[in-house]
Structures are given as structure tokens and as C-alpha cells.
Amino acid sequence: EDFLNLIFKAMMKDSLNSSHPVSSAVQSSEQIEEMFDALSYIKGASLLLMLKHYLTKDVFQAGIEVYLHNHKYGSARSDDLWDSMNEITNGTLDVKTLMKTWILHKGFPLVTVVRQGKNISVQQEKFLYHMETENWTSDASYLWHIPLTYITSSCKFTHCTNAYLLDQKSGM
């Protein structure tokens with residue numbers, strides 16, 4: 001419950017136009033300190049949980065093990081973690097591309113789901129809680145790669161989660 005409350009607080013901050021990405025280029029130690037706030041830590045943790053759920057626990061764990069092995073006693077960049085995950089997925093999913101859409105954009109998407117008979121359509125757009133006119137910038141080009149999971153009525157109480165990657169503004 002505590003983590004969920006922190007997530008909602010971070011999402012509230014991230015839904016403002018004055019938010020910042022989880023990762024960005026910095027020029028000074030002061031800029032580094034500014035980046036390490038609750039938003040970066042909580043959003044970062046949430047993104048890792050999202051990735052773990054999408055890849056499955058075992059695949060995610062294997063990617064972390066490769067990452068730790070490859071970078072023990074050294075330094076690393078965020079791309080190194082995504083590259084390690086890509087090693088484990090064997091090209092079936094470009095984890096780096098997926099995660100860069102989350103860590104390099106400020107904010108998060110609003111996903112709208114519409115059901116028409118047996119067809120489902122989904123659409124994404126940037127969510128803004130409150131428009132701050134003095135800091136407003138157009139984010140129309142923002143596009144996230146959103147892992148969506150779903151269960152159909154044909155599951156019959158067995159584990160049968162399906163996955164879909166929304167990597168366009170809309171899809172079916």
C-alpha cells in the first residue's frame with residue numbers, strides 16, 4: 001500500500017507539464033542532484049515492475065543476472081541494462097527501444113480502450129493533469145511503447161495471459 005501511494009504521488013507530479021524525464025543528459029553535478037528526486041526513483045521502480053510483468057519474472061531475472069555479471073566491479077549506463085535484457089530476449093523484443101520511450105519522455109500515456117462487439121481498439125495520448133500555460137510545450141509527438149496484457153473469457157481459470165505491445169498512437 002505504501003508503494004502504491006508513492007506511485008500515485010509520483011504520477012501526480014509526472015502529469016504536470018513541468019515534470020522531467022527519468023533520464024536525460026546532464027552537464028554538472030548540480031543537475032545530477034536535481035534529477036535524483038522521488039519522481040525518478042518511484043517512476044523508475046514502476047517501470048522496472050512493468051518490464052518484469054511484461055517479460056515474465058524468469059526472463060527479467062535472467063536479464064538482471066546478465067547485467068550484473070557483465071558490469072561487476074565497473075560502472076554502467078541505463079542502455080547497458082536494456083542491452084542485457086535484449087541478450088535474454090534474443091531479438092524477440094527490443095527492450096531498449098521500449099524502455100527509452102518511458103525514460104526519455106516526461107509524463108505518461110493515457111490509454112483509451114473501446115470495445116465494439118468482439119473488437120477492441122486502443123489509443124494513446126499524453127496525460128496532463130493540469131495545463132500550466134507558462135510552461136506549456138506541445139507533446140503531440142510523444143509515443144510510448146506500452147505493454148498491455150489481457151485475459152479472454154476462453155481462459156477457463158488457467159494461466160493464459162496474452163500480451164500486446166501498443167507502439168503506435170492506436171491499434172487493435
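This is a predicted model: local features need pLDDT of at least 70, side-chain atom pairs count only at pLDDT 80 or more; totals for chains, interfaces and linings use all residues.

Biologist: Which residues in H6 do Ser78, Asp79, Trp82, Asp83, Met85, Asn86 and Thr89 in H5 meet?

Modeller: Residues are numbered from 1 along each chain as its sequence is written, and side-chain values use heavy atoms, with hydrogens and water left out. Helices are DSSP runs of H or I with at least four residues, numbered from the N terminus, and contact means heavy atoms within 4.5 Å. On that basis, the H5 residues you list meet Val95, Lys96, Met99, Lys100 and Ile103.

Biologist: At what angle do the axes of helix H5 and helix H6 cross?

Modeller: Two packed helices are described by the angle between their axes and the distance between the axes. Axes here are lines fitted to C-alpha atoms over the stretch in contact, and angles run from 0 to 180 degrees between N-to-C directions. The axes of H5 (residues 78–89) and H6 (residues 95–103) come within 8 Å, and they cross at roughly 145°.

Biologist: Which residue forms a salt bridge with Asp83?

Modeller: A salt bridge is a side-chain nitrogen of Lys or Arg within 4 Å of a carboxyl oxygen of Asp or Glu. For Asp83, the closest N and O atoms of the pair are 2.9 Å apart. This pair links distant parts of the chain, with Asp83 in H5 and its partner in H6, 13 residues apart. The partner is Lys96.

Biologist: Is Asp79, which forms a salt bridge with Lys100, buried or exposed?

Modeller: In that pair, the closest N and O atoms are 3.2 Å apart. Buried means under 20% relative accessible area, exposed over 50%, and partly exposed in between (1.4 Å probe, protein chains only). Asp79 has 15% relative accessibility, so this residue counts as buried.

Biologist: And which residue does Lys43 meet in a salt bridge?

Modeller: Lys43 is itself buried, with a relative accessible area of 8%. The two side chains meet at 2.8 Å, N to O. Lys43 lies in helix H3 and the partner in helix H1 (residues 2–14), so the pair ties together parts that are 29 residues apart in sequence. That partner, also buried at 2%, is Asp14.

Biologist: How many salt bridges does a search of the whole structure find?

Modeller: Some are joined up: Arg77, Asp79, Asp80 and Lys100 are linked in a network of salt bridges. Across the whole structure, the search finds six.

Notes: Helices (H or I, at least four residues) and strands (E, at least two) are DSSP runs, numbered from the N terminus.
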